[in-house]
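User: I would like to learn how to read the features of a model, one at a time. Please give the general idea and then the case at hand.

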Amino acid sequence: FDNGCAAALTGGAKLPMYVILHGYEQTTGSIFEEMRDRATDKGFAACAVNMRGRGSDPGTEDDSARELQDIVDCVEAFAAAYPNVVDRTRVHVIGYSGGGANAIALAAKYPGRFVTVVSCFGWADYGESSVNGHSYWATGDSPAEVVARIGPRSDLQPYKARNVLGTIADAVKQTTGQFYMFWDSQDVI
């Protein structure tokens, strides 16, 4: 708050929220204080969401299923904890890797809920098919971990439920918000 947010609160104004999502096997410990400080320096109220089952948090990792509602619940809890500071209608999300996957899924499954969604090195599905599946088929990723979280490969329905490739374009068209994806030439998938 002292790193720039106090100055932004003038005349009853509230701060937009900046929600940071960590990577697939990480926790909020990977969201360094400097990252949150940069957001507050720009006049945002920043929070990092720890996904279920990571660190000491209860629950089971489920790869963009109930995790998405956990993110929405965190936003609401954050706004409720600071009602005179946080503007729950101006929420911006950025996610990295697995957090980028959750960011894409948020944009697709909660169209218009967030002003800006940024996915850095995220993916839009968890391996629905051998053609476009990211995590299940990617070299270096752990298919066994994805199967443990989502279910056996003999039933592709849970994988299809997480695949937003077919819905993201329509979801973005339903909102005046903005959606950005960042990747580079080293990410060949």
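User: Is strand E4 (residues 116-120) enclosed or open, and why?

Analyst: Start with the terms. Buried means under 20% relative accessible area, exposed means over 50%, and partly exposed is in between (1.4 Å probe, protein chains only). Helices (H or I, at least four residues) and strands (E, at least two) are DSSP runs, numbered from the N terminus. Now the case: strand E4 is largely enclosed by the rest of the structure, because five of its five residues are buried. Both faces are covered. Thr-116, Val-118 and Cys-120 are buried on one side of E4, Val-117 and Ser-119 on the other.

User: What kind of model is this, and how is it numbered?

Analyst: This is a predicted model: local features need pLDDT of at least 70, side-chain atom pairs count only at pLDDT 80 or more, and totals for chains, interfaces and linings use all residues. Residues are numbered from 1 along each chain as its sequence is written, and side-chain values use heavy atoms, with hydrogens and water left out.

User: In which sense do E3 and E4 pair?

Analyst: Two strands pair if DSSP finds at least two bridges between them. Strand E3 (residues 86-96) and E4 are parallel, with five bridges. One place to look is Ile-94, whose bridge partner in E4 is Val-118. Val-118 is one of the buried residues of E4.

User: Next, salt bridges. How many salt bridges does the whole structure hold?

Analyst: A salt bridge is a side-chain nitrogen of Lys or Arg within 4 Å of a carboxyl oxygen of Asp or Glu. The search of the whole structure finds nine. Among them is Arg-52 with Asp-70, at 2.7 Å from N to O. This pair links distant parts of the chain, 18 residues apart. Arg-52 is in the loop between strand E2 (45-49) and helix H3 (66-81), and Asp-70 is in helix H3. Arg-52 counts as buried at 17% relative accessibility, while Asp-70 counts as partly exposed at 23%.

User: Which residue forms a salt bridge with Asp-62?

Analyst: Arg-66 does, with the closest N and O atoms 3.0 Å apart. Asp-62 is buried at 4% relative accessibility. Arg-66 is partly exposed, at 48%.

User: What should I read from the phi of Asp-63?

Analyst: Most residues other than glycine have a negative phi. Asp-63 has a positive phi of about 50 degrees, although it is not a glycine. Ser-64 also has a positive phi, of about 65 degrees, and is not a glycine. Ser-64 is found in the loop between E2 and H3. Asp-63 is buried at 1% relative accessibility, and Ser-64 is buried with a relative accessible area of 1%.

User: Which ring does Arg-149 lie over?

Analyst: A charge sits over a ring if NZ of Lys or CZ of Arg is within 6 Å of the ring centre and within 35 degrees of the ring normal. Arg-149 lies over the face of Tyr-24, at 4.1 Å from the ring centre. Arg-113 lies over the face of Phe-114, at 5.4 Å.

User: How many aromatic pairs are there?

Analyst: A pair of aromatic rings is described by the distance of the centres and the angle of the planes. Rings of Phe, Tyr and Trp (its six-membered ring) pair if their centres lie within 6.5 Å; planes under 30 degrees apart count as stacked, over 60 as edge-to-face and the rest as tilted. By this rule the count is five aromatic pairs. Phe-78 and Tyr-82 form an edge-to-face pair, 5.6 Å centre to centre with 75 degrees between the planes. Phe-78 is buried at 16% relative accessible area, and Tyr-82 is partly exposed at 45%. Trp-123 and Tyr-126 form an edge-to-face pair, at 5.8 Å and 85 degrees. Both Trp-123 and Tyr-126 are buried. Ring pairs link Tyr-24, Trp-123 and Tyr-126 into a cluster.
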